[in-house]
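Student: I would like to go through this model one question at a time. Please show it before we start.

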Amino acid sequence: MDNSVHAAFASALEWWEAMGVETPPVSTAKPKVRTAKAKAPQSTVTRTQSAQAKPPSTSDKERMATAKKLASAAKDLSALKSAMGSFDAGTLSDNASQCVFSRGNPQARLMIIGEAPGRDEDIAGEPFTGRTGKFLDRMLAAIGLTDKDFYITNIVNWHPPGGRKPTDDEIDMCRPFLMKHIELAAPDVILIAGGVSLGAMTDLNGIMKNRGTWQTLDVNGRDIPAIPMYHPAFLLRRPELKKEAWRDLLSLHERHAQTD
Ligand code: URA
């Protein structure tokens with residue numbers, strides 16, 4: 001076992017202990033990496049849209065068209081951030097304190113895509129800064145990654161009112177921004193955090209059955225490997241699933257190291 005694996009192992013043990021697990025069921029075996037082709041994120045995606053879902057209103061459609069225009073005009077991350085900062089995202093921006101754009105190192109090879117800012121993030125203006133974010137940071141530290149090694153955003157960049165899940169229309173409205181964000185950050189590997197992000201970015205449904213299976217996202221003609229994982233907030237509620245999350249983290253660690 002080389003030193004970096006030892007270090008990752010030691011951090012993982014710390015992580016498990018801190019989470020109250022007495023005997024971490026950690027395997028030293030390298031995880032298998034399977035590759036499956038996901039639908040391009042830009043393509044039509046099948047999500048859990050209920051049969052009664054209303055079609056977008058005219059103003060929603062206008063907002064979607066504006067989002068597309070603004071995203072395609074952005075030449076770099078700072079232009080994208082400023083376009084989104086002044087974008088009228090309807091209910092989302094009416095109720096949020098600010099647009100929560102990103103955190104971490106935009107040059108990092110790993111990009112993490114979460115769901116939507118929570119209340120802490122709405123105040124801080126950066127994604128994953130509250131309790132869930134601290135937990136995510138510890139998960140990543142367990143494979144030797146600090147915030148210079150990753151770049152984080154969300155599929156929706158405004159805190160939804162009351163912390164509810166973003167609607168399909170809100171996700172559709174924000175998708176051009178997300179796609180441009182990924183294109184401009186140009187990561188080598190993506191971590192898709194949670195089922196809502198997975199459904200927003202691919203035609204896959206269900207994080208329980210899809211976690212840990214590598215996908216290939218076609219982002220504006222560039223194929224990027226992406227691993228769906230449990231959302232850290234879900235793991236905080238379901239600590240018994242951390243064994244699977246640890247396998248996925250090791251798989252991410254291995255793939256990330258290959259991009260060096
Ligand atoms: N959960 C997310 O998905 N994103 C955040 O930024 C915070 C919590």
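**Burial, core, ligand and rings**

Tutor: Of the 260 residues of the protein chain, 49% count as buried, where buried means under 20% relative accessible area, exposed over 50% and partly exposed in between, with a 1.4 Å probe and protein chains only. This is a predicted model, in which local features need pLDDT of at least 70 and side-chain atom pairs count only at pLDDT 80 or more, while totals for chains, interfaces and linings use all residues. Residues are numbered from 1 along each chain as its sequence is written, and side-chain values use heavy atoms, with hydrogens and water left out.

Student: How much of the ligand's exposed area does the protein bury?

Tutor: The polar contacts (pairs of N or O atoms within 3.5 Å) come before the area. A polar side-chain atom of Asn154 is 2.9 Å from a ligand nitrogen, and a side-chain N or O atom of His231 is 2.8 Å from a ligand oxygen. Taken alone the ligand exposes 240 Å² (Shrake-Rupley method, 1.4 Å probe), and the share of that buried by the protein is 92%.

Student: What kind of aromatic pair do Phe87 and Trp158 form?

Tutor: A pair of aromatic rings is described by the distance of the centres and the angle of the planes. Rings of Phe, Tyr and Trp (its six-membered ring) pair if their centres lie within 6.5 Å; planes under 30 degrees apart count as stacked, over 60 as edge-to-face and the rest as tilted. For Phe87 and Trp158 the centres are 6.1 Å apart and the planes 50° apart, so the pair is tilted.

Student: How far apart in sequence are the parts that Phe87 and Phe177 tie together?

Tutor: Phe87 and Phe177 form an edge-to-face pair, 5.1 Å centre to centre with 75° between the planes. Phe87 counts as buried at 7% relative accessibility, and Phe177 is buried at 1%. Because Phe87 lies in the loop between helix 3 and helix 4 and Phe177 in helix 7, the pair ties together parts whose separation in sequence is 90 residues.

Methods: A polar contact is a pair of N or O atoms within 3.5 Å; within protein, one must be able to donate a hydrogen and the other to accept it, and residues adjacent in sequence count only if both atoms are side-chain atoms. Helices (H or I, at least four residues) and strands (E, at least two) are DSSP runs, numbered from the N terminus.
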